[in-house]
Amino acid sequence: MKCQRVLTYLRIFGTTMFGVSLLVGISTAYIMGYQFFTTAGNHLSFGLYGAILVVHLIIQSLFALLEHRNMRRSLETPIKLNKSLALCIAAYQEDPNYLRKCLVSVKRLTYPGIKVIMVIDGNSEDDSYMMDIFKEVMGWDKSATYVWRSNFHSRDPGETDESYAESLQQVSRVVLNNKCVCIMQKWGGKREVMYTAFKALGRSVDYVQVCDSDTMLDPASSVEMVKVLEEDPMVGGVGGDVQILNKYESWISFLSSVRYWMAFNIERACQSYFGCVQCISGPLGMYRNSLLHEFLEDWYNQTFMGSHCSFGDDRHLTNRVLSLGYATKYTARSKCLTETPITYLRWLNQQTRWSKSYFREWLYNSMWFHKHHLWMTYEAVITGFFPFFLIATAIQLFYQGRLWNILLFLLIVQAVALIKSSFASCLRGNIVMVFMSFYSVLYMSSLLPAKMFAIATINKSGWGTSGRKTVVVNFIGLIPISVWFTILFVGIIYTIIQQTRKPFPDSEKIVLIIGAVVYTSYWVVLLTLYAVLISKCGKRKKETHYDMVLDV
């Protein structure tokens, strides 16, 4: 016992020193600005910090490829599907069409004997349509329903102690004694909904799968995730490949679709190679039920800066598994389609909420770096501090008083994005991934300031993304975007003024013209391809509107 404690302290010390050294090293390389080479007139250069980022992208892609190879090998592993499984669906003001598609896909799941529990966040008349859809799709004679005036943590004012205690028992009885269950309960947020399903199930099943009410599951999705858990008893949770259902409805949903593919099949596939996937997404994830009940109360009662946490439920659930020393994995063989925002403002609200949970969980996750591979520490440092370096670079170049620096920054952003998207196209075998390079503009213009805003408002809670039936009217997310654009615009004006005060060399003019032509040509070509390939393809797809479960 004493020896084990010493080893733990040594691992904590070693991991901490590794993380600090990595951050100091990267910061030093950035601040010192060491250059491997620089062209005449300082038009182009390649430095140590840039080399670090390039090496990171190469290593990340390499391990992602290795993990995909491991996934293909898992096909040869025979398993028995004799473990009990429950699917928990969280629903809140869902679009009736999406909910119906979700439940139809649930009926098609091939895992034998799966239990289905849908918990609705809200018990008013306006929410009853979701319960009606559940009974219609799952079968009126096969569905058990219960309208709960309260929830596990908030009692309705009209309930007595006796009636509330009876309602708690009734919820558990309905869940344990029926295969298809739908519960409407008092509003409390997504975490409350998930808690109800987990608590009512107790330890009655081996595995628990989570799903959102706007998600269409592939028939084999449950089977493939069970395979991963069965292959290794030290894997505590596994996530699948989340694709976009409505990707052709707008440019924002299309860009989200290619970004999702990159995030899951490269970034999370790489994390999975080392057993440290840092977020098992809500639309498609599975956990060992025995682990869930080791931290269920702590997970629900999570606080940050004195406030109860009501977002980032899935990320914190993943981190709780990691905190116990269990691995978390990703499998591309388990797939689903899910809805994503089609309007800019709703997308921005969603990304701000996700960024809040990312930075909050980054702090929590850092306490368990020592229990996992060093890659977990390495990637946390790289991805956690990258936005700050990027903001500093942008401001520095926009205020150096040289137009070429601004144009070079824009060219490099798109060049790096094009290289990443080209690699993704090769890995996926689909030219559509080239349009991932568009996402860099969205990242630079919107997501970057949204991350800073998320840090500033990190203790503000809420669902963040409204229900599908609600129109977004919260424009506060536009404040950081406006501030960011103002900072950059002032930098451009400052640069123009500075450039007009001194002679403009002919060589500089030539470089500017060439750079502007290259940048403009890039956008003309890509936008033309988008108009020809994606817009027309989207119109054809929306005519049939996904007759198949997965749009590949």
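Guide: Strand β3 (residues 85-91) and strand β4 run parallel and are joined by six bridges. Within this pair, leucine 87 stands opposite valine 116 in β4. The model is predicted, so local features need pLDDT of at least 70 and side-chain atom pairs pLDDT 80 or more, while totals for chains, interfaces and linings use all residues. Residues are numbered from 1 along each chain as its sequence is written, and side-chain values use heavy atoms, leaving out hydrogens and water.

Visitor: Why are β5 and β8 called edge strands?

Guide: The open sheet has nine strands in the order β5-β6-β4-β3-β7-β10-β9-β13-β8, with mixed pairing. Both β5 and β8 (215-217) pair on one side only.

Visitor: Why is strand β6 described as largely enclosed by the rest of the structure?

Guide: A residue is buried under 20% relative accessible area, exposed over 50% and partly exposed in between, with a 1.4 Å probe and protein chains only. Six of the six residues of β6 (residues 180-185) are buried, so the strand is largely enclosed. Cys180, Cys182 and Met184 cover one side, and Val181, Ile183 and Gln185 the other.

Visitor: What makes the β-α-β crossover from β5 to β6 right-handed?

Guide: With the strands pointing away from the viewer, the path from the first strand over the helix to the second must run clockwise. The chain crosses from β5 through helix α5 (residues 161-177) to β6, and this crossover is right-handed. Five bridges join β5 (residues 143-147) to β6, and the two run parallel.

Visitor: How do you know that α8 is roughly perpendicular to α13?

Guide: Helix α8 (residues 251-273) and helix α13 (residues 403-428) pack at about 70 degrees, with their axes 11 Å apart. That makes α8 roughly perpendicular to α13. Angles of 65 to 115 degrees count as roughly perpendicular, under 35 as roughly parallel, over 145 as roughly antiparallel and the rest as oblique. The angles run from 0 to 180 degrees between N-to-C directions, and the axes are lines fitted to C-alpha atoms, for helices over the stretch in contact.

Key. Helix = DSSP H or I, 4+ residues; strand = E, 2+ residues; numbered from the N terminus. Pairing = 2+ DSSP bridges.
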